[in-house]
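Open the model in your viewer and keep the selection tool at hand. We will go from stop to stop, and each stop says what to select.

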Amino acid sequence: MKTVIRKNVFETNSSSTHSLSILGRAKNKCASKGYSFELRSPLAKAVQMIGLIDNAEKHYLSEGYWIDEDEQTILIKQKIASRVKEFFPESFADKKVEDITAVELCNLLNEIDEDKIFGEYGENQDEFFGEDDYLISNFFTIDRYEVQAILKFREYIIEEYAKKVGKSKQEGLYDLEFEAFANVEIKKILDDGVNVEQKLTDNMKFNYKFKREFDESKEKDIVKFAKEFLIKDFEEFKEYRKGKFSCELYFCNGCLDSCYCGFESAFDIVMKLDLQTDNDLQLKEKAKWLLSNACRIVAKEYYSGLILEETGEIY
């Protein structure tokens, strides 16, 4: 059984490469030799997929920041914004064309009749983007549809998880957030209930925050303190992460600088899961399938990009 320290703890000075595959019905044993671990439970699959979606959204937002800072792309953005303001002045309220961000502009395009901007079937796009600027043209056209779809998909995953465990959506979301943000080692010790005091004491050898706050609290009952610490630490880390899940939660080490897991962008998620971006019913059905026994997620992790971490864990 490997130890996974999932947050705010330095583990290694050498990162890993990650890859994920979504497969059919799970068997009793791990998928096969050559995999690191499997996700089978609705909880683990939901948390992993939400982490991928949140990471893809971050990737999309970073492209928006680049557009807002690049002199040439700013001019393209402002040209589109001026056309939007011309046809839909109420959309801008008091905001000036030069002050709108790329992401805000995409959100406006999601709400209006964009045929007046780009023409029916997009025949006027060259007026803004030219013939070769696929990155920025995709950002304002295809990418925004896909991001909108995966964010809906995120909500449907939460709804489906809550339904499976017989809870309200808010209660289901709390379960998912607790899995994503709580200190997994302390939670495991408290849930296990065996030699709890000794295990919590041992945990302090590497969990310096837990030790420091326990010493400062003057509390004598380490179990009582650990229960309070677990909730407090969860809430603090959730706030630190702004409620966004990590896609690296179940891996031993963080990913290398560039991600090639196969689900790194909204486009990848839509293509790999065959999501119809304009079909809410299909998105709901895909969320239901993802959390069902018919689906499993298998992962590969290569330490330092070279050595396969073959743990055989099933979550």
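Select helix α10, residues 208-217. This is a predicted model. Which helices do the buried residues of α10 pack against? They pack against α8 (184-192), α9 (196-203) and α11.

Now show the side chains of α10. F210, E213 and F214 are buried. They lie on the same side of α10, because they cover an arc of only 105 degrees around the axis. Residues three or four places apart point the same way, because an α-helix has 3.6 residues a turn. Turn to the other side of α10, where Y208 and E216 are exposed.

Two packed helices are described by the angle between their axes and the distance between the axes.

Colour the residues that touch. From α10, select K209, F210, E213, F214 and S217. From α11, select I222, F225, A226, F229, K232, D233 and E236. What classes of residue make up the contact of α10 with α11? Six are nonpolar, one is polar and five are charged.

**Stop: α8 and α11**

Keep α11 on screen and bring in α8. α8 and α11 pack at about 135 degrees, and their axes are 10 Å apart. This pair is therefore oblique too, α8 to α11. The crossing of α8 with α11 is left-handed.

Select I186, K187 and L190 on the α8 side. On the α11 side, select V223, A226, K227, F229 and L230. By class, the contact of α8 with α11 has six nonpolar residues, no polar ones and two charged ones.

**Stop: two loop residues**

Return to the end of α10 and select K218. K218 sits in the loop between α10 and α11. What is the phi of K218? Its phi is positive, about 65 degrees, although K218 is not a glycine. Most residues other than glycine have a negative phi. Is K218 buried or exposed? K218 is exposed, because its relative accessible area is 66% and exposed means over 50%.

Next, select D274. D274 lies in the loop between α12 (266-273) and α13 (280-290). The phi of D274 is near 55 degrees, a positive value in a residue other than glycine. At 54% relative accessibility, D274 counts as exposed.

Select helix α3, residues 102-111. Which residues of α3 are buried? They are A102, V103, L105, C106, L108 and L109.

**Stop: T73**

Stay with α2 and pick T73, which is found in this helix. T73 counts as buried, because its relative accessibility is 4% and buried means under 20%. Which residues does T73 touch, not counting those up to four places away in sequence? T73 touches W66, I67 and I136.

Draw a distance line from T73 to E309. The two residues are 236 residues apart in sequence. C-alpha to C-alpha, T73 and E309 are 42 Å apart.

**Stop: V298**

Select strand β3, residues 296-303, and find V298 in it. With 0% relative accessibility, V298 counts as buried. How far is the C-alpha atom of V298 from that of R40? The separation is 8.8 Å, with V298 and R40 258 residues apart along the chain.

**Last stop: the whole chain**

Zoom out and show everything. The chain has 13 helices and five strands. Its C-alpha atoms fill a box of roughly 70 × 45 × 40 Å along the principal axes. Of its 315 residues, 45% count as buried. Finally, consider contacts between residues at least 6 apart in sequence. Among these, 74% join residues at least 24 apart.

How values were computed
Residues are numbered from 1 along each chain as its sequence is written. This is a predicted model: local features need pLDDT of at least 70, side-chain atom pairs count only at pLDDT 80 or more; totals for chains, interfaces and linings use all residues. Side-chain values use heavy atoms; hydrogens and water are left out. Helices (H or I, at least four residues) and strands (E, at least two) are DSSP runs, numbered from the N terminus. Buried means under 20% relative accessible area, exposed over 50%, partly exposed in between (1.4 Å probe, protein chains only). Axes are lines fitted to C-alpha atoms, for helices over the stretch in contact, and angles run from 0 to 180 degrees between N-to-C directions. Contact means heavy atoms within 4.5 Å. Ala, Val, Leu, Ile, Met, Phe, Trp, Tyr, Cys and Pro count as nonpolar, Asp, Glu, Lys and Arg as charged, and the others, Gly among them, as polar. The arc is that of the directions from the helix axis to the C-beta atoms. Angles under 35 degrees count as roughly parallel, over 145 as roughly antiparallel, 65 to 115 as roughly perpendicular and the rest as oblique. A crossing is left-handed if the near helix is turned anticlockwise from the far one by less than a right angle, and right-handed if clockwise.
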